[in-house]
Amino acid sequence: MVGRRALRWSEDGAQQDVAAPVICPLCERPIPRRARQSLHHLLPKLKGGARGETVRLHQICHSAIHARYSEAEIARRLADVAALREDPEIARFLAWVRTKPDDFHAPTRMTRGRRAAKREH
């Protein structure tokens with residue numbers, strides 16, 4: 001690996017510089033350069049994760065997490081990719097999004113339960 005690019009050998013023996021594909025750790029689909037994407041703090045910044053580990057996700061995958069859960073709930077029980085994948089609501093979303101093209105994006109609305117919880121605070 002050289003920087004963020006991998007070297008690939010062509011048939012004539014010359015090296016070619018090609019970008020290594022980035023895989024979304026949540027939906028496990030490639031993230032093309034043209035796709036909307038963002039960094040997700042596994043421990044939310046508001047809960048002490050400002051300098052913590054981040055993962056690159058499709059924007060739709062990132063939005064799905066924050067549309068369903070508060071920062072507190074993410075910090076408490078969903079602070080790693082495995083826990084996110086095992087969550088029933090996220091698992092349902094992942095089953096759906098895996099049928100879409102790698103660069104698919106659609107607006108994500110906050111769930112009814114999350115909207116109701118926000119109104120209570």
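I take contact to mean heavy atoms within 4.5 Å. The model is predicted: local features need pLDDT of at least 70, side-chain atom pairs count only at pLDDT 80 or more, and totals for chains, interfaces and linings use all residues. Residues are numbered from 1 along each chain as its sequence is written, and side-chain values use heavy atoms, with hydrogens and water left out.

**Whole chain**

I looked up contacts between residues at least 6 apart in sequence, and 55% of them in the protein chain join residues at least 24 apart. I then listed the elements, taking helices (H or I, at least four residues) and strands (E, at least two) as DSSP runs numbered from the N terminus. The protein chain has six strands and five helices, in the order β-β-β-β-β-β-α-α-α-α-α from the N terminus.

I checked burial next. Of the 121 residues in the protein chain, 31% are buried (under 20% relative accessible area, with a 1.4 Å probe, protein chains only).

**Helices α1 and α4**

I looked up how α1 (residues 59-68) packs with α4 (residues 88-97): the angle is about 155 degrees and the axes are 11 Å apart. Axes are lines fitted to C-alpha atoms over the stretch in contact, and angles run from 0 to 180 degrees between N-to-C directions. That angle makes α1 roughly antiparallel to α4 (over 145 degrees).

I noted which residues touch: I60, C61, A64, I65 and R68 in α1 meet E89, I90, F93, W96 and V97 in α4. By class, this contact of α1 with α4 has eight nonpolar, two charged and no polar residues. I counted Ala, Val, Leu, Ile, Met, Phe, Trp, Tyr, Cys and Pro as nonpolar, Asp, Glu, Lys and Arg as charged, and the others, Gly among them, as polar.

How values were computed: Angles under 35 degrees count as roughly parallel, over 145 as roughly antiparallel, 65 to 115 as roughly perpendicular and the rest as oblique. Buried means under 20% relative accessible area, exposed over 50%, partly exposed in between (1.4 Å probe, protein chains only).
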